[in-house]
Amino acid sequence: MDLYLIRHTSVDVPAGYSYGQTDVPLRETFEAEAATVKEELNKIAADKVYTSPLSRCVRLATYCGFEDAWKDDRIKELNFGSWEMKSWDEVSSHPHSEAWFKDWVHVPTPGGESFKDQYNRVASFLDEIRSCNDNTVFVFAHGGVLACAQVYAGIYEMSEAFKHLPSYGEIIKLTL
């Protein structure tokens, strides 16, 4: 299976904020960014298309011609819990932050999840789509989901995942 992972375009959130599963708006540059993604995807015929249900992914999938993409909660971004829409300065002053920054792979955010939790739900999604007979699959998702998928494919170790976070609008092809 050829899996094309597409990260949503840039968000209209101030730099330095954790926005995870918050449904945030896209920048005014959306159409220009999305046109580039669409041009690349038009060269490939997909058997199946999935999207995170968050609007930043649905909007890109729709723009690219996949308004009927299957929505799956397992490919949402990391749940930052009570840290959603907090600046990293605010997060750093939280009593739980030291433990999380030392071991974000295993330690969940307050009221949220750890990277391992996110990985487990993304791996469940990938296991399921691998069992189908689709040859080419598009997945519109988030940076954390794309990082999880690359860990799943054996490209990176879990502890290295966020050192290789894809850019907004980036398309990553994996063969599973």
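At what angle do helix α5 and helix α6 pack, and how far apart are their axes? In this predicted model, local features need pLDDT of at least 70 and side-chain atom pairs count only at pLDDT 80 or more, while totals for chains, interfaces and linings use all residues. Residues are numbered from 1 along each chain as its sequence is written, and side-chain values use heavy atoms, with hydrogens and water left out.

Helix α5 (residues 115-130) packs on helix α6 (residues 143-152) at about 65°, with the axes 9 Å apart; helices are DSSP runs (H or I, at least four residues), strands likewise (E, at least two), numbered from the N terminus. Axes are lines fitted to C-alpha atoms, for helices over the stretch in contact, and angles run from 0 to 180 degrees between N-to-C directions. The two helices are therefore roughly perpendicular (65 to 115 degrees). F115, Q118, Y119, V122, A123, L126, D127 and R130 of α5 meet G144, V145, A147, C148, A149, V151 and Y152 of α6, contact meaning heavy atoms within 4.5 Å.

L126 also belongs to the largest nonpolar core, of 27 residues, where L3, L5, L126, I129 and V139 touch the most other members. Such a core is a set of buried Ala, Val, Leu, Ile, Met, Phe, Trp, Tyr and Cys residues joined through side-chain atoms within 4.5 Å, buried being under 20% relative accessible area, exposed over 50% and partly exposed in between (1.4 Å probe, protein chains only). At least two core residues each come from β1 (2-7), α5, β6 (136-141), α6 and β7 (171-175).

In the loop between α6 and β7, I155 is partly exposed, at 43% relative accessible area.

Key:
Parallel < 35°, antiparallel > 145°, perpendicular 65-115°, else oblique.
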